[in-house]
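Take a moment to turn the model around on your screen. We'll walk through it one piece at a time, beginning with a charged side chain.

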Amino acid sequence: MSLTLKTERLPSLDVFRGMTVAGMLLVNNPGTWSAIYPPLQHAPWHGWTPTDLIFPFFLFIVGITTELSLRARRARGDDERAILRQLFRRGALIFLFGFLLSGFPFFTWPPALEGATVLDRIVHRVEHWRVMGVLQRIGIAYLLAGLLTWRTTLRQQLVVLGAILLGYWALMTLVPVPDTGVPGRYVLDQPDQLLSAWLDRQLLGTAHLWSGGKTWDPEGILSTLPAVGTVICGTFAGKWIGLSARALTERLAGLFAVGALAMMIGAMWHWVFPINKNIWSSSYVVFTAGMASVTLATCMWLIEVRQWRQWTSPFLVYGINPMLAFLGSGLMARGLASIWTWDAGDGTRVSAQGFIFNTAFASWLPLREASFAYAVAFVTFWYLVLRAAAKRGFVLKV
């Protein structure tokens, strides 16, 4: 019996993506960063929290949707060159959107430059513009994973994935870091001493790194390599999901089994190469891919098998328009934090975000609860925006 692709859209996949996007907005937009519930914070360094699952889940979904989309296009007889052009176009646009978002708002300046010329202000902005970021990593990982799986067999892709994860492990633990001569395994708890940090400083310069790290970047160049592995893991899940000749229950059992096995392997690898989002360690790739497989299988079981769909509507709204949610919420958050300001009444000005938080939430709730309530309100606002967009049939596609 030949195996054919199941081409209908899976609501469970949209729900899984919507849960991931909504979770991203929730953890990225607290009322204040000084008061956050522990599960909504990233792990300080090694280890993981639920928040550390969001980014790899999204990359895993990118792999699934890419695999299903490319197979569907090939089934329609689309030209391979057109498919390749689409890979480059989408990867470049996603990177560009992220790069521009990193510099927004383009016309605000630090207080020290208030009296400077326009040219000096522009030069300062360009010299301190962060190059990498979340969307930039998604764009690069999507493109590289697409190229690596474009015309290769499953066996070749498994070899590529193994080479990426094992090679990155070797680079980060065995290779002596220039300027120190110390192999990375001895400084895995020192972010600025790792090979990935050294490479980012050499290629990007400290002025173009994440401001929170200063000497290293959690979305840096070398650590993007294993992120490509996360996308490839997603393509494997896409291949398995698309086998309509196998019963849905069999596919679900496969996702559960492989996911549980990957979680165990990732947890064991943690002993020698700790699970760490900031450096996107190989153990982190395997562990989070396993978590994503189990989570997706659970969604499919609830929605496709048990037909429990009453709870899915809000997540479907987020899931069908993820780019609008990401870009729109990012622009809004940056605007509230830096463009719009209010008079605080004491001769100083407060950002719109601070004004809303202090007035609508912190004025009557304990600080941590107020911070969480602001984040929930932010997510709810964007649900209403995306719902209105869905009713009008508007989906921001790249």
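Is Lys239 buried or exposed? Lys239 is buried, with a relative accessible area of 14%. Here, buried means under 20% relative accessible area, exposed means over 50%, and partly exposed is in between (1.4 Å probe, protein chains only). Before we go on, keep in mind that this is a predicted model, where local features need pLDDT of at least 70 and side-chain atom pairs count only at pLDDT 80 or more, while totals for chains, interfaces and linings use all residues. Residues are numbered from 1 along each chain as its sequence is written, and side-chain values use heavy atoms, with hydrogens and water left out.

So who does Lys239 pair with? Side chains of opposite charge can pair when their charged atoms come close. Glu67 forms a salt bridge with Lys239 (a side-chain nitrogen of Lys or Arg within 4 Å of a carboxyl oxygen of Asp or Glu), and their closest N and O atoms are 3.5 Å apart. Glu67 sits in helix 2 and Lys239 in helix 8, so this pair ties together parts that are 172 residues apart in sequence. Helices are DSSP runs of H or I with at least four residues, numbered from the N terminus.

Glu67 has another partner: Arg71, with the closest N and O atoms 2.6 Å apart. These two are four residues apart in helix 2 (residues 54-75), so about one helical turn separates them. Glu67 counts as buried at 7% relative accessibility, whereas Arg71 is partly exposed at 27%.

Elsewhere, Glu304 forms a salt bridge with Arg309, the closest N and O atoms being 3.4 Å apart. Glu304 is buried, with a relative accessible area of 16%, while Arg309 is partly exposed at 34%.

Thr224 counts as buried, at 4% relative accessibility. Leaving out residues up to four places away in sequence, Thr224 touches Met132, Arg137, Ile140 and Glu219, where contact means heavy atoms within 4.5 Å.

Now find helix 3 (residues 80-103): its 24 residues reach 35 Å from first C-alpha to last, close to the 34 Å expected at 1.5 Å a residue. That expected span is 1.5 Å times one less than the number of residues. Among its buried residues are Ala82, Leu87 and Ile94.
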